[in-house]
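Hello,

Here is the structure I said I would send. My notes on it follow below.

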Amino acid sequence: MFILRKSILILVCGLTVVLTLGRISAQEPTEHQVKAAMLYNFARFTEWPASAFPKPASPLIFCLIQDGLIRSALEKTIGSKKIQDREIQIRLLSKPSRLEECHLLFVGAGDEGDFLSWKGALRSLPILTVGETDKFLREGGLIRFYLADNKVRFEISKEASQQSGVQLSSKLLSLGGGR
Amino acid sequence: MRQSRTIKFKLMVILIVTSLVALFAKSVIQGFQDYSTYRDDLASDMSTLAEVIANNSTAALAFSDVKTGAEVLSALRSVPSVVTAKLYDQIGNEFAAYHRDPETNAETAPLGREGVRFEKSRLNLIRNVMLDNERVGTLFIQSDLSEMYSRFRRSLFGHALSLILAGLIALLLSLRLHRLIAEPLLHLTSTSRAIAEKNDYSLRAVKEDDDEIGELVTSFNHMLFQIQERDAKLTRAMDSLELRVRERTKQLERSNRELQQFANVISHDLQEPLRKILAFGTRLIGEGTDRLTDQQRDSLKRMQNAASRMEQLIQDLLQFSRISTREHTFQPVDLAKLVHEVLSDLEVRVLDTRGKVEVSDLPVIEADALQMRQLFQNLIANALKFYRKGTPPVVSVTSRAVGPNVLEITVQDNGIGFDEKYLEKIFKPFQRLHTREEYEGTGMGLAICQKIIFRHHGLITARSSLGVGSTFVITLPIKQPQEEDTAE
């Protein structure tokens with residue numbers, strides 16, 4: 001839907017597109033770019049407990065298991081933006097050792113194995129986990145992306161969110177509580 | 001009662017107009033206040049609403065979820081005054097819309113700066129949708145002002161109603177309250193009118209209150225008291241004055257009567273010895289013609305002349321004094337006939353002087369016939385007597401009515417005339433302008449004339465210039481006034 005709207009916009013007034021923020025490129029946005037923007041927006045509608053931050057001004061940390069297209073898209077989207085006055089840092093995670101520092105964990109379709117092995121450590125941590133597979137929510141994830149009508153949609157597991165200690169905004173729930 | 005109605009009316013008008021003007025001013029001010037309050041209320045209501053909607057639409061905008069955006073906007077259905085609401089995304093493209101009436105596709109208002117703007121019948125509200133200090137979109141809400149206006153109309157209607165109600169109350173109150181002022185004034189007015197009509201200064205106004213009107217009543221009553229007192233004093237003074245005048249008049253009448261009687265008696269008694277002197281003188285001249293010398297005869301003649309002049313004087317004096325002692329015997333007198341008789345008496349004198357007497361029409365008037373005869377006798381005789389040597393006297397007697405009851409008679413001659421500075425002198429007894437040698441006479445003629453005229457309630461005067469002639473002018477009432485003055 002977003003893509004459709006965008007394409008129409010580009011046709012109607014291409015000039016304004018140039019002036020838009022980095023979140024949206026001049027080209028038709030890729031699936032990665034759309035997902036990166038969504039990740040950023042998820043964080044905006046999420047509240048972490050104070051214990052999740054070592055200091056009041058500590059940055060918000062987005063963790064990725066694998067380097068890839070999603071990282072560059074995310075870096076482009078975020079730029080120097082802040083969420084709730086916190087800076088955003090993107091971190092690559094190969095081991096679960098520094099998992100407690102993460103606030104958002106993106107689990108790519110190929111990272112499913114790592115996610116399952118870290119599940120024990122994840123359960124006690126207030127981390128917003130976002131995955132891509134159909135069974136991600138059943139495995140204990142909070143939000144999963146899926147494609148419908150060639151558009152990126154997302155689904156939220158209210159149960160998991162309640163357990164994790166991460167508070168998702170009702171506005172977000174109303175958008176992603178569809179299934 | 002016309003005046004009383006106006007004062008009542010004025011007071012009522014004052015009361016009603018004052019209260020209505022005050023209320024009207026208050027209503028106008030309140031109307032403005034209401035209007036601005038309603039506007040402010042609406043603006044603040046809409047702002048609150050916009051804040052809620054904007055807050056609810058952040059996620060929809062962030063995730064470009066048009067469906068949710070429309071849902072958020074559709075919550076405005078519960079606010080009937082909202083006509084249109086629209087969400088625009090970050091770059092100003094329409095994202096979701098709500099229309100109260102689905103058919104009317106409201107015009108897309110150009111997005112301006114954030115804020116509330118009133119238009120003719122619409123209120124436009126523009127608000128940025130913020131998320132983490134970032135503008136994720138814009139909310140536009142347009143509401144109908146008809147509800148506000150109908151509210152305003154209701155308040156205006158209420159004000160008008162209260163104005164009418166207050167006017168009625170003011171009318172009712174003024175109907176009672178005006179009495180406070182009007183009643184004492186009306187009482188004062190009616191009292192003063194009663195005084196003016198009846199001339200009764202013993203009336204008093206009743207004081208009802210200690211206000212200015214009460215003070216007015218007090219001073220009004222005081223004034224009445226003073227008038228009454230002055231009246232009484234004046235009456236007393238007049239009474240005593242009248243008494244004094246009456247006394248004095250009586251005294252004067254008495255002395256006048258005594259004087260007249262005295263003159264009468266004296267004249268009478270003087271005539272007796274005179275007649276003897278004349279008689280014996282005549283006898284002396286007749287008997288002793290031979291024995292008397294010419295000188296003696298001359299002396300006797302002179303004595304005789306003096307005696308007869310004295311007799312004349314006494315007769316004139318008697319006549320003069322009798323004018324006023326005579327009883328009133330006014331009756332119609334034909335002046336034409338009377339003057340004719342006088343002329344026949346004077347015929348010898350006219351022939352002697354070769355003079356002429358012209359008499360025009362003379363009317364019948366009410367008078368004492370004898371005295372009228374005396375009057376014309378004296379006047380015409382005078383005119384014939386004082387003629388210029390060599391010029392035969394021409395005398396004319398004329399008359400004309402100068403008023404409804406006033407007759408003017410003139411006796412004009414072409415004689416020697418007199419200087420008008422002696423005008424007063426000639427009407428006094430024994431006053432002569434000429435020597436006895438020039439013109440004979442006792443000097444009583446005109447005095448008698450004046451006295452007769454006065455007795456007939458008339459006037460006599462004269463115009464003259466030396467060497468041209470004299471005109472004697474008499475004004476007499478045609479009918480004598482009905483007065484019975486016992487004092488004469």
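Aromatic pairs and the rest

Phe106(A) and Phe145(A) are both buried, where buried means under 20% relative accessible area, exposed means over 50%, and partly exposed is what falls in between (1.4 Å probe, protein chains only). This is a predicted model, in which local features need pLDDT of at least 70, side-chain atom pairs count only at pLDDT 80 or more, and totals for chains, interfaces and linings use all residues. Residues are numbered from 1 along each chain as its sequence is written, chains are lettered from A and ligands numbered from 1 in the order in which they are written, and side-chain values use heavy atoms, with hydrogens and water left out.

Aromatic rings are paired if the centres of Phe, Tyr or Trp rings (for Trp, the six-membered ring) lie within 6.5 Å; planes under 30 degrees apart count as stacked, over 60 as edge-to-face, and the rest as tilted. By this rule there are 12 aromatic pairs over all chains. One of them is the tilted pair of Phe106(A) and Phe145(A), at 6.4 Å centre to centre with 55 degrees between the planes. Phe106(A) lies in strand 5 (residues 104–106) of chain A and Phe145(A) in strand 7 (residues 143–148) of chain A, so the pair ties together parts 39 residues apart in sequence. Helices (H or I, at least four residues) and strands (E, at least two) are DSSP runs, numbered from the N terminus. Phe106(A) and Phe145(A) also belong to one aromatic cluster with Phe42(A), Phe45(A), Phe154(A) and Phe63(B).

In chain B, the ring centres of Phe386(B) and Tyr439(B) are 4.7 Å apart and the planes are at 55 degrees, so this pair is tilted. It links distant parts of the chain, 53 residues apart: Phe386(B) is in the loop between helix 9 (369–385) and strand 9 (394–403) of chain B, and Tyr439(B) is in the loop between helix 10 (423–426) and helix 11 (445–455) of chain B. Phe386(B) is partly exposed, at 23% relative accessible area, whereas Tyr439(B) is buried, at 12%.

Which cysteines are joined by a disulfide? A disulfide is a pair of cysteine sulfur atoms within 2.5 Å, and the search of the whole structure finds one over all chains. Cys63(A) is joined to Cys102(A), with S to S at 1.7 Å. The torsion about their S-S bond is about -95 degrees, so the disulfide is left-handed. Cys63(A) lies in strand 2 (residues 60–64) of chain A and Cys102(A) in the loop between strand 4 (86–92) and strand 5 of chain A, so the pair ties together parts 39 residues apart in sequence. Cys63(A) is buried at 0% relative accessible area, and Cys102(A) is buried at 2%.

Also in chain A, Ala43(A) is in helix 3 (residues 31–44) and is buried, at 0% relative accessibility. Ala43(A) and Leu128(A) are 85 residues apart in sequence and 8.1 Å apart in space, C-alpha to C-alpha.

Helix 11 of chain B is mostly covered, with eight of its 11 residues buried. Among them are Leu446(B), Ile448(B), Gln450(B) and Arg455(B), as well as Cys449(B), which has a relative accessible area of 0%. His457(B) follows helix 11 of chain B and has a positive phi, near 60 degrees.

Most residues other than glycine have a negative phi. Ser64(B), not a glycine, has a positive phi of about 50 degrees; Ser64(B) is in the loop between helix 2 (58–62) and helix 3 (66–74) of chain B and is buried, at 9% relative accessible area. Asn199(B), also not a glycine, has a positive phi of about 60 degrees. Asn199(B) is in the loop between helix 4 and helix 5 (212–287) of chain B and counts as exposed, at 56% relative accessibility.

Regards
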